[in-house]
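Colleague: Could we go through this structure together? I would like to begin with how its elements are named.

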Amino acid sequence: MEQTMELTTDQFIRDFEQTFNEQQQTLLQNATPTELFLALAHTIRQYYTPMWLERNESLSARQEKIAYYFSIEFLPGRMLETNLLNLGILDTVKEGFTQLGLDFTAVKNAEHDMALGNGGLGRLAAAFMDSLATTGYAGFGNGLRYKYGLFKQRIVDGYQVELPDAWFGSLGNVWETRKDHDAVNVRFFGNVYMADAGEGKLKPVYSNAQVLRAVPYDVPQLGYKNGVVNNLRLWDVEIPEEYELNYPTIADRRRVEDITAVLYPDDSTEEGKKLRLMQEYFMTSAGLQTIVKSYLKMGLPLEKIYEKVSVHINDTHPAVAPAEFMRILIDDYGMEWDAAWNATTKVMSYTNHTILSEALEKWSTGLFSFVLPRVFQIIVEIDNRYMAQMGAQGADYARVENTRIVRNGQVHMAHLAIIGGHSVNGVAQIHTELLKEDTLRDFYALTPEKFNNKTNGIVQRRWTQIAAPVLSQTIDKWIGFEWRNDIHALRALNDVVDNPRAQNDFWEVKQLAKKRLADYIEETTGVHVSTDAIFDVQVKRLHAYKRQLLNVMHIIKLYWDIKDNPEGDFTPRVFIFGAKAAPGYHFAKSIIKVINELANLINNDPEIGDKLKVVFLENYRVSLAELIIPAANVSEQISLASKEASGTSNMKFMMTGAVTMATLDGANIEIRDEVGEENIVIFGMTKDEVYHHYETHDYNARYLYDTDPVLHRVINTFVDGTIPRCQSEGSEIFDALVTYNDEYFLLEDFQSYVAAQARVSALYRDRERWMHMSMMNIANSDKFTSDDTIRQYAEEIWHLSLPHAGRHRAA
Ligand code: CR1
């Protein structure tokens with residue numbers, strides 16, 4: 001049911017001017033975009049605050065079951081436009097700004113991205129927050145209030161330079177509210193022993209523990225035009241007053257503040273590892289403590305907490321949750337083990353986001369028991385009981401041994417999440433299959449009922465209505481407005497994909513988006529790109545498995561094609577990259593350097609001209625994605641089959657009319673199923689072919705290098721001086737590809753990639769055919785709405801009921 005705020009432009013102007021005057025005490029015409037942004041944000045806060053209060057009241061009055069989504073990352077990007085859109089007042093506010101003679105775009109750009117995340121995993125968590133509110137489910141987030149997000153990337157001499165991302169800066173987070181009354185204490189370190197508590201019971205006694213205060217800051221999550229406001233709770237650390245004497249210097253206090261200073265502190269040292277473990281426990285413990293407290297306020301029995309509470313473990317970072325929940329139930333509330341375990345396993349569920357083993361966290365038992373002594377005792381007990389129970393059931397011993405939590409001096413966090421919960425899901429069909437048959441196969445053999453798939457999704461509203469407003473108006477023109485409220489109505493576009501006038505409209509829309517991006521490229525890099533060229537885009541974290549290097553190899557091939565035959569017929573292309581490399585990931589950084597030097601070579605060669613351009617846009621982030629993605633003709637999704645769990649940018653490109661260049665990996669497969677084989681360009685090995693190589697060890701990269709002359713020349717280009725200023729990086733790449741046998745099979749997929757790219761060029765020249773493909777992608781993208789994904793989580797994992805349409809009346 002649609003519920004928009006009733007707000008006239010005049011009323012908005014009055015509200016805004018009043019807030020502005022109270023806050024900024026200057027004249028409107030003197031105000032900077034930042035001052036205007038702050039005043040606008042505060043005006044919006046006044047609009048949603050009553051809804052927020054009412055939401056909380058009605059949830060507790062109805063004793064609604066709540067799901068809590070625990071995640072070390074949330075990547076919402078900018079909130080201003082989303083909040084306006086979801087309140088249903090985006091157009092009103094834009095109109096108000098126009099009447100006031102103010103530049104809305106400048107004001108929206110003054111908001112710093114809320115960048116408490118890394119890539120897809122964090123963006124997905126933020127998408128789920130939006131979709132939970134939009135579908136009306138009671139789903140709250142739980143994370144950390146970092147002052148610095150993932151680093152800010154600058155490119156200097158072609159190299160990645162990492163600067164702190166001071167997103168919080170001097171303005172703080174305008175959307176948040178501090179909730180002092182919900183603060184709790186969290187304990188680290190020290191010694192724990194069990195003392196007699198009478199009645200045959202034991203209780204833990206702590207000595208020398210460090211006690212820190214966790215204070216929550218709540219960030220409202222507005223549903224789309226439904227008056228619902230859910231909550232994203234971010235925890236910050238403080239020193240409790242009674243312990244102040246332990247921290248006599250500023251340096252002492254800073255060490256504590258580090259816990260919520262930065263996302264993913266460097267963990268190559270023991271100190272760094274300790275800090276990360278403390279972050280993870282801090283947010284998990286604080287979150288769970290307040291959840292139990294607020295449950296108990298309802299006066300219901302603690303043993304039945306699973307009837308009102310679900311806790312979701314997003315990747316392994318919050319995977320200490322089952323053990324911490326046991327600790328709270330047993331130590332703090334005196335529950336018996338069996339009742340506590342029954343409640344815990346019914347409350348907890350876990351999502352795995354990758355089969356790459358480095359992302360499945362393991363802690364040495366030494367570090368873990370030092371930082372979290374009591375939780376470690378509980379984990380050992382869980383592990384022992386697990387072994388005993390599986391033994392009693394006659395389970396296969398080797399499997400049980402492989403799945404236990406404490407093994408070879410390490411605590412396996414994914415194992416704790418699986419054993420301590422009732423549900424494990426992957427994030428696309430192929431990924432879930434791989435979990436079952438490979439990564440988690442022993443768990444699957446022992447407890448198949450826990451496994452299920454939940455294919456990722458995106459907040460289509462952000463990627464169309466906010467990032468692509470002109471595209472959205474064009475969709476309105478051809479199929480009406482219904483799709484804005486019900487994304488499945490987008491399917492009506494299928495009827496016009498071959499209509500020449502519609503094709504022409506959608507072509508023009510893409511050209512406009514390309515122009516917008518071309519201007520940005522020229523402004524930020526000085527490179528002029530022609531919008532007549534194919535815009536071919538690969539934006540995502542830089543990782544060897546994502547194979548940005550395969551894309552580079554194809555560009556080198558094109559470079560030689562033009563150099564060999566400058567007069568030849570060539571379909572112009574602009575290759576656009578955006579990617580951050582993890583600060584400690586040397587090889588990924590070398591690839592960035594090579595891309596930038598290759599770009600210099602190509603962009604400055606007059607013989608190449610507009611036929612080929614290469615652009616690396618620095619500091620890829622959500623707000624930049626909003627500019628880039630709608631401007632793409634080709635979406636590069638070329639990971640080695642089996643390695644990309646799902647991908648989500650692939651869905652955003654699809655929805656805004658790019659054609660996917662895809663391997664059969666992650667959600668690409670499901671995209672193909674939606675658009676049909678002929679509207680996507682597939683190439684490369686299948687997952688089974690990849691696994692065949694693993695099993696037979698028959699892959700020989702050097703043989704391919706020696707026998708394929710095109711490949712030979714392309715690979716030599718990395719080391720023969722053609723690309724200046726990257727000798728050492730070039731040889732690292734050469735070694736990875738040839739000497740060390742090409743871990744991600746780029747050489748094997750090269751020719752099929754080149755052929756697929758040639759197909760793209762030919763298709764693009766046939767505008768009717770191309771627009772058919774492009775529009776088929778838009779028309780059939782509704783499957784990937786995160787609203788539907790979250791409905792599946794809510795119904796199948798968390799067992800939430802949909803709150804009856806309440807009185808969530810907007811202001
Ligand atoms: C996966 O690599 C997926 C997102 C969200 C990433 C990507 O394919 O779309 O998760 N995994 O599910 C990840 O970051 C640490 O693991």
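This is a predicted model: local features need pLDDT of at least 70, side-chain atom pairs count only at pLDDT 80 or more; totals for chains, interfaces and linings use all residues.

Colleague: Where does glutamate 199 lie, then?

Modeller: Glutamate 199 is in the loop that links strand 9 (191–196) and strand 10 (202–207). Its phi is near 50 degrees, a positive value in a residue other than glycine.

Colleague: Is glutamate 199 buried or exposed?

Modeller: Glutamate 199 counts as exposed, because it has 5 C-beta neighbours inside 10 Å. A residue with 12 or fewer falls in that class.

Colleague: What about the phi of histidine 799?

Modeller: Phi of histidine 799 is near 55 degrees, also positive in a residue other than glycine. Histidine 799 sits in the segment after helix 31 (786–797). With 13 C-beta neighbours inside 10 Å, histidine 799 counts as partly exposed.

Colleague: Let us change topic. Which residues are closest to the ligand?

Modeller: The ligand is surrounded by 16 residues, and the closest are Gly120, Leu121, His353, Thr354 and Ser646. That shell divides into 5 nonpolar, 9 polar and 2 charged residues.

Colleague: Why does the ligand lie between two domains?

Modeller: Both domain 2 (62–78 + 113–456 + 792–797) and domain 3 (471–480 + 491–684 + 749–783) give residues to the shell, so the ligand lies between them.

Colleague: Now the helices. At roughly what angle do helix 20 and helix 27 cross?

Modeller: The axes of helix 20 (residues 548–564) and helix 27 (residues 709–716) cross at roughly 100 degrees and come within 9 Å. Helix 20 is therefore roughly perpendicular to helix 27.

Colleague: Which residues make that contact?

Modeller: Helix 20 contributes Met553, Ile556, Lys557 and Trp560, while helix 27 contributes Val710, Arg713 and Val714. By type, the residues of this contact are 5 nonpolar, no polar and 2 charged.

Colleague: What separates the C-alpha atoms of phenylalanine 443 and tryptophan 770?

Modeller: These C-alpha atoms are separated by 46 Å, and the two residues are 327 residues apart along the chain.

Note on methods. Residues are numbered from 1 along each chain as its sequence is written. Axes are lines fitted to C-alpha atoms, for helices over the stretch in contact, and angles run from 0 to 180 degrees between N-to-C directions. Helices (H or I, at least four residues) and strands (E, at least two) are DSSP runs, numbered from the N terminus. Angles under 35 degrees count as roughly parallel, over 145 as roughly antiparallel, 65 to 115 as roughly perpendicular and the rest as oblique. Two residues are in contact if their C-beta atoms, placed from the backbone, lie within 7 Å. Ala, Val, Leu, Ile, Met, Phe, Trp, Tyr, Cys and Pro count as nonpolar, Asp, Glu, Lys and Arg as charged, and the others, Gly among them, as polar. A residue is near a molecule or strand if its C-beta atom, placed from the backbone, lies within 6 Å of it. Domain bounds come from an automatic or database domain assignment. A residue is buried if 20 or more other C-beta atoms lie within 10 Å of its own, exposed if 12 or fewer, and partly exposed in between; C-beta atoms are placed from the backbone.
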